[in-house]
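Please read this briefing alongside the sequence and the three-dimensional view. The points that follow are grouped by topic.

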Amino acid sequence: MSRHHDRAEERLGWLLCSPAVLAMLLVTAYPILYAVWLSLFRYDLRFPDERAFVGLANYASVLTSPLWWESLANTLIITLGSVALELVLGMLLALVMHRVLFLRRTVRASVLVPYAIITVVAALAWKFAFDPVTGFVNPWLGVERAWLAERWSAFLVIILTEVWKTTPFMALLLLAGLTLVPQDLLDAARVDGANAPQRFFRVTLPLMKNAVLVALLFRTLDAFRIFDTVSVQTGGAQGTETVSIVGYHALVTRLNLGLGAAVSVLIFGCVVGIAALFVRGFGASFAAGERS
Amino acid sequence: MSQHPGLLDTLFWRAGSLLVIGYALLPVAWVVSLSLKSAADLNDGRFIPRRISLEHYRAIFADAQFPAALWNSIGIAGIATLLSVLLAMLAAYAIVRLRFRGRQLVLAAALSIAMFPPVTVIGPLFELWRNLGLYDTWLGLILPYMTFTLPLAIWTLAAFFREIPWELDQAARVDGATPLQAFRYVILPLAAPGAFTAAILVFIFAWNDFLFASALTSTSAARTVPAAIALFTGSSRFELPTGAIAAASVVVTLPVTLLVLLFQRRIVTGLTAGAVKG
């Protein structure tokens, strides 16, 4: 009887999950395998007749091209710059949201505004703000500067846009971790004479380690695939091309499916590598957090 | 001591909250300001417009491109949201309520897709969709949006489902209801708030997407707002029609922002539930 019941439950479980699983297989697993397959061919949609198996030649030409390494470096600069800033700013935001009673609802609501705004719109808003003709940033700072026409200042604008748009998400994840820190522990530390920074670094931070790690993992992987902001603000000019932009141009602009697929597979490999680094870095603490 | 915070302390946190509000709203105010400037004032570099003009709003709705993109965005994001939440509800119910091998597998698959770089599938989808006739169609965007939002929807719904008083479900089962009936008549009404939260999050994702929209569409048959705005061109190829872009941005930003502000508490719960309770 119970075995029959178990089998029915098993079948129903799979039945209910199958539409979601099928969709995920169809739109992600199958295309990634297809990308691996395509990456082994010389396959340019502009010259479809020249399609031929070339083995790993596409990977060789990507990995020996300075463009790939430069775009990988650019992507890492943007990822590290924005995630580091977001962690600090997001923690401050979370602390303000946690502590503050003044205008509490307004603060919490306004923080969601950047999250709700389309990335392309946010990127254009900041682009216009820094524009030497239209923008208000140059008059406010009293400088004359074409921010997006130069590599490092363009990175600055791109990182600023990313930070503005995604810090609220980081802050909300951190806030959720912050609310799990028991108040009596903080009170005990206060009684023992710990000052505010000591309470934060010695009590709060260690206790919310999991929340910090999860937030960092999500945002790092998200930042690594940055496309919208760079595409809108510089289009990859001034040496700001990221790996996603390189892949996109190879595939969609130049219709070189073989080469583009090789870039895609390499990006996928990078993301898996980053995720693996995080998981290994957290070790048991992350795994335990995931399971509970 | 925490009951009687010092004046300095209070001022510090109050200044902090004002800073936060300013930080969040500055670029929004800037775009609204740009959209209301007349064409002649666009380049005056002032943050507050000298005169208010609605000419850019009239211009974008007079042109056929923008209304078409708006309609595509609403339709595609709406349908993708419905499908994603529906499939995710079934899966999340099974994950929370039923014991079956592969539960962890489904959750792990969902998690790995959440971390998946979408640019990886752009090429294969581009090729596949052209062969299947899905290129530049609504369905061609609905499918990827639905799939890439499934993890978010499943995790959010699973977190909500864990909070539901399941004794009711068991009572219905004891009374002779099949698991499916218990789901339909007992759990569905209780799960509605979670489904609604998941729906908002999914809708925002689909509404926001630029990568798929620009790679898998080519005309206003399916081009959504983010792709359309990025493709707006001025009188010359190199001149951005700043005013029109700003007006279009305000039009697509206001409804979603209102939605988010109205349901802020649920969204915060939804965004953090999956990640923290995991």
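In which helix of chain B does Arg173(B) lie? Arg173(B) belongs to helix 7 of chain B, which covers residues 167-174; helices here are DSSP runs of H or I with at least four residues, strands are runs of E with at least two, and both are numbered from the N terminus. This is a predicted model, in which local features need pLDDT of at least 70 and side-chain atom pairs count only at pLDDT 80 or more, while totals for chains, interfaces and linings use all residues. Residues are numbered from 1 along each chain as its sequence is written, and chains are lettered from A and ligands numbered from 1 in the order in which they are written.

**Arg173(B) and its surroundings**

- Arg173(B) counts as partly exposed because it has 15 C-beta neighbours inside 10 Å; a residue is buried with 20 or more other C-beta atoms within 10 Å of its own, exposed with 12 or fewer, and partly exposed in between, the C-beta atoms being placed from the backbone.
- When its neighbours within four places in sequence are left aside, Arg173(B) is in contact with Pro179(B) and Ala182(B), where contact means that the C-beta atoms of two residues, placed from the backbone, lie within 7 Å.
- Arg173(B) and Phe183(B) are 10 residues apart in sequence, and their C-alpha atoms are 9.9 Å apart in space.

**Helix 7 against helix 8 in chain B**

- Two packed helices are described by the angle between their axes and the distance between the axes.
- Helix 7 of chain B packs with helix 8 of chain B (residues 179-208) at an angle of about 130 degrees, and their axes are 9 Å apart; axes are lines fitted to C-alpha atoms, for helices over the stretch in contact, and angles run from 0 to 180 degrees between N-to-C directions.
- Helix 7 of chain B is therefore oblique to helix 8 of chain B, given that angles under 35 degrees count as roughly parallel, over 145 as roughly antiparallel, 65 to 115 as roughly perpendicular and the rest as oblique.
- The crossing of helix 7 of chain B with helix 8 of chain B is right-handed; a crossing is right-handed if the near helix is turned clockwise from the far one by less than a right angle, and left-handed if anticlockwise.
- From helix 7 of chain B, Leu168(B), Asp169(B), Ala172(B) and Arg173(B) meet Pro179(B), Ala182(B), Tyr185(B), Val186(B) and Ile187(B) in helix 8 of chain B.
- By class, this contact between helix 7 and helix 8 of chain B has 7 nonpolar, no polar and 2 charged residues, with Ala, Val, Leu, Ile, Met, Phe, Trp, Tyr, Cys and Pro counted as nonpolar, Asp, Glu, Lys and Arg as charged, and the others, Gly among them, as polar.

**Helix 4 against helix 6 in chain B**

- Helix 4 (residues 103-114) and helix 6 (residues 138-161) of chain B pack at about 125 degrees, with their axes 8 Å apart, and the two helices are therefore oblique to each other.
- Helix 4 of chain B passes helix 6 of chain B in a left-handed crossing.
- Helix 4 of chain B contributes Ala110(B), Leu111(B), Ile113(B) and Ala114(B) to the contact, and helix 6 of chain B contributes Phe148(B), Leu150(B), Pro151(B), Leu152(B), Ile154(B) and Trp155(B).
- The contact of helix 4 with helix 6 of chain B has 10 nonpolar, no polar and no charged residues.

**Chain B as a whole**

- The secondary structure of chain B comes to 12 helices and 0 strands.
- The C-alpha trace of chain B spans about 75 × 70 × 30 Å along its principal axes, and buried residues make up 47% of its 278 residues.
- Chain B is divided into domain 1 (1-53) and domain 2 (56-277), with bounds that come from an automatic or database domain assignment, and 31 Å separate the C-alpha centres of the two domains.
- In chain B, 7 residues of domain 1 are in contact with 7 residues of domain 2.

**Chain A and its contact with chain B**

- Chain A is divided into domain 1 (4-12 + 14-53) and domain 2 (65-291), and the C-alpha centres of these domains lie 30 Å apart.
- The contact between the chains takes 80 residues from chain A and 79 residues from chain B.
- Helix 1 of chain A gives the most to the side of chain A that touches chain B, with 19 residues.
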